[in-house]
Amino acid sequence: MEAAPTVPTPPTPPTPPSPPSTPVVAAHRERRWLPPLVVFLVLVAVVFGGYFLAGVLSVPAGPAVVVGSSVAVAPLSGWTATPLEPSPVTGVPAERISRGTGTLDVLAPIPARDPTDLLKRYVSNVLETASEQLRVSEDIQTRTLPSGASAARVRYDGMFTNVPTRIEGELTAVVSPNGTGVIFDGWGPEGLFGYALRDIRQMVAGSEIV
Amino acid sequence: MKGSRDPLDIRRLHWGTTTTLFQWRQPALWLYLAIMALGLFITFSEQVVFREISPPGWLLAWALVLLYAAPVFLLVYVLDLFEREPMSLVVAAFLWGAIAATAFAGVANQGWALVVARILGPDVASEWTAALTAPVVEETLKVLGIVLIYLIARGEMDDIMDGFVYGAMVGLGFAIVEDVFYFMAIFGGQPEGVFTGFFVRVVASGLYGHVLYTGVTGIGVAYFVSRRGQATLARRWLVLLGLFAAAVFAHFLWNSPLLDFFPAEPWSGADWLVVPFAAAVKGIPFLGFVAMLVYLARRRERRWLDAVVGNEVDHDGQALTEEEYEVLKDPRRRRRARREMRARAGPKAAALLKRLQRSQINLAMVRTRVASPNDPAMERQRAYCRSLRDALLAMPGAAPATRSG
């Protein structure tokens, strides 16, 4: 009986060895906490430094402006105050504090009991009569100023008479415990107003009803 | 190339030392995780708002930016010719840009915008805030991510290409989240607006921007940390701060009203053709600068390989033939050699050839970590290379390919 021819099998390749172990890099023996701490401090400085510096730079410059013998507002550096003719609508003294296109109109005194009511009266009697396409934010924010007076605040935008660009603004009505009302009407061209808003809020917050 | 000898000090390289992100004993890792957790909270809150603006627009925005990010990620990752960075670190860099840097940049930019408005007034601020605040704030926050990656795995950043890879990944992560922000908050968030934003920010401008800025800064960081003992401290600082300043300047130019040839909105007709041109005017000079840096870095990597394994061609151990060395230097020729091997001798032979090529590169890596070419570790690696070649030659059909590379 003849043996069946055998099929030559391909040579089996030798199994490659496992990779040799490699030397271990010496571990760093240094102060491992210091560099991450520096990273953390730089991060904090970058994230919060702007707010801190802006606060330092926002300082009252010059004497406070007294409007209608009832409210004192201290313009921040760079802002200038100009008296306005009493509004034909409200008939109360007014002062305009401005820097570039950022403006804060202060009207006082206005007899009032409630800041929300004063705010609504100003919107309907002044803003609505002087503007087209006026939009006022629906939610009225109420708060107490550092002076103890209660305040109500809304945002608005619209086209106003004799102003070529669309205006946006923030209106704050403040009423002191003895019933003296003050209107703070901060405004500026749409898109620019945001750059003046922080200063305006700071001047409003720092105002004192005499 | 066997006659070429590079005088560079190869001992400072740590090729082949693979480290993952998870170095639990490194304080830098814990700082990274803590900042990321806070950033994730901010980013998540922002994305929830964007999703409410328009769910289909939001999904489309993410689909489009990921479509852009995937090839860029791959391209940057493979730029490092001989030592791919560990994926966990690369992903960590990407996530730092996408989550931590963007989240904190949003907060920081607002604060510094107040400073600009306070100093320059609202009118100037409205035009210049983006140019004066974002470049410094964002480039700083992004570079902190590169520094943390370095602190977590110091051995991984041993040449300037490594810095470019990590930096570009941070920049890519930042770019895609910022793009989604623009699509949703600036371009309206509806699908039509998202497509418009995609055209402006990715199609017309995608070649320029954060990937380049942070890539360049990453080169500066890598130079600073990898040139100890080779360059003076003053020179290392000069390179680091110089490249950081170059990135900040390019970013400033992009954000500023200078050289602004973008047509006034709303765009129609030929305006859409002007947009890529306007973007190119601002972006191409810096793109050219980065391309030159990357070219020089890659050429330097090749020089390193020459310096490290060029001697091996002559070495008695014969871990590397001259033909193999010529193939090894060129990634495309390595891939072609494996394809030819697969066609001739099958996939197992191609896989073995790949192992041989990798072990020969590892030989270079081992050489960077030992003092002498006769170190026992080098002998072991040479023996391993030889055994792989023997195994390959024993496979039917493989021998000619091995000899020809």
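User: Which residue does A:Thr82 stand opposite in strand 4 of chain A?
Analyst: A:Thr82 stands opposite A:Arg96 there, in a predicted model where local features need pLDDT of at least 70, side-chain atom pairs count only at pLDDT 80 or more, and totals for chains, interfaces and linings use all residues. Residues are numbered from 1 along each chain as its sequence is written, while chains are lettered from A and ligands numbered from 1 in the order in which they are written.

User: And how many bridges join strand 3 and strand 4 of chain A?
Analyst: Strand 3 and strand 4 (residues 94-99) of chain A pair in the antiparallel sense over five bridges, where pairing requires that DSSP finds at least two bridges between two strands, and strands are DSSP runs (E, at least two residues), as helices are runs of H or I of at least four, numbered from the N terminus.

User: What about the open sheet, what's its strand order?
Analyst: The order is 1-2-11 in chain A, with antiparallel pairing. Strand 1 (65-67) and strand 11 (208-209) of chain A are at the edges with a single partner strand each, so one side of each has no neighbour in the sheet. Strand 2 (residues 71-73) of chain A pairs with strand 11 of chain A over two bridges, and A:Val71 has A:Ile209 as its bridge partner in strand 11 of chain A.

User: Switching to the interface: how many residues of chain B are in contact with chain A?
Analyst: There are 48 from chain B, against 41 residues of chain A, with contact meaning that C-beta atoms, placed from the backbone, lie within 7 Å.

User: Which helix of chain B gives the most?
Analyst: Helix 3 of chain B does, with 22 residues.

Terms used
Contact = placed C-beta atoms within 7 Å.
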